[in-house]
Amino acid sequence: MAERIVSMHAAHRSGNEVIDGFLSRPTAGGERPAIVLVHGYRGLDDGQRTVTRRFAQEGFVCLSPDLFHGKTYHTLEECALKKTSLDIPRAVNNIVDSVPYLRKLPWVGNKKVVVLGFCMGGGLALYALAQSKTFAAGVIYYQSMFPDPEDLKSISAPLLCHFGTADPGTTKTEIAMFRDSLDRFKKKYEIEMYEGAGHAFLNNPQSKSAANRDAAEKSVTRTAKWLRKILV
């Protein structure tokens, strides 16, 4: 049964800047594990807010930092330009610096924190896991930013990765290369494939594809179950 939640604007400091965000959490008291959700190349839009709420309903404190600083993008050209122009180190720092903020919340405290990313955010989540040991686990959804294999070497947290078989942006070839790198560096990971699902099957609520809707529901259930096991 989904938990009752409350959602709100959030903000945390990262270096010399303040990063706005969107936070959802269960209304029932007590400390909960937290998830930092990293948005895709459209930014912190309504789809990202929907996913933030969805994982909060599963019992996690969920924070989506706004890495685009108040802007969202809609056309393919705008989104692609923003992604390929991104200051990656700055964005990764913004993600990592959200953890001390979460730890100040009475709803999180010393509970474990994981990072979860979609599309562009999947790649950023991998960079964050490689840079910081503060995350207890990583959940990667169809990354469309592909770190150099050597950048995956320092990841120590376990990974759960979700991909669609009909995704033109995160192709089977890219997935195979990613798997090979994880095997070569002896990383602990699981990969889930969803037949017929395309890109952004979870963080694009406007999808009319039955395969995407099925993949979205199954992936959330699998992720929540996996995290409850990992975060004990």
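A charge sits over a ring if NZ of Lys or CZ of Arg is within 6 Å of the ring centre and within 35 degrees of the ring normal. The questions below concern a predicted model.

Me: Over which ring does the charged end of K82 sit, and how far is the charged end from the ring centre?
Reply: A charge counts as over a ring only within 6 Å of the ring centre. The charged end of K82 meets this rule with the ring of F68, and the distance to the centre is 5.1 Å.

Me: How many aromatic pairs are there?
Reply: Rings of Phe, Tyr and Trp pair if their centres lie within 6.5 Å. By this rule the count is eight.

Me: Is the pair of F68 and Y73 stacked or edge-to-face?
Reply: Planes over 60 degrees apart count as edge-to-face. The ring centres of F68 and Y73 are 5.6 Å apart and the planes stand at 80 degrees, so the pair is edge-to-face.

Me: Is F68 buried or exposed?
Reply: Buried means under 20% relative accessible area. F68 has a relative accessible area of 2%, so F68 is buried.

Me: How many residues apart in sequence are the parts that the pair of Y142 and F201 ties together?
Reply: Y142 and F201 form an edge-to-face pair, 5.0 Å centre to centre. Y142 lies in the loop between β6 and β7, and F201 in the loop between β8 and α7. The pair therefore ties together parts whose separation in sequence is 59 residues.

Me: Which residue lies over the face of W107?
Reply: For Arg, the atom that counts is CZ. At 3.7 Å from the ring centre of W107, the residue over the face is R25.

Definitions and conventions:
Residues are numbered from 1 along each chain as its sequence is written. This is a predicted model: local features need pLDDT of at least 70, side-chain atom pairs count only at pLDDT 80 or more; totals for chains, interfaces and linings use all residues. Side-chain values use heavy atoms; hydrogens and water are left out. Rings of Phe, Tyr and Trp (its six-membered ring) pair if their centres lie within 6.5 Å; planes under 30 degrees apart count as stacked, over 60 as edge-to-face and the rest as tilted. Buried means under 20% relative accessible area, exposed over 50%, partly exposed in between (1.4 Å probe, protein chains only). Helices (H or I, at least four residues) and strands (E, at least two) are DSSP runs, numbered from the N terminus.
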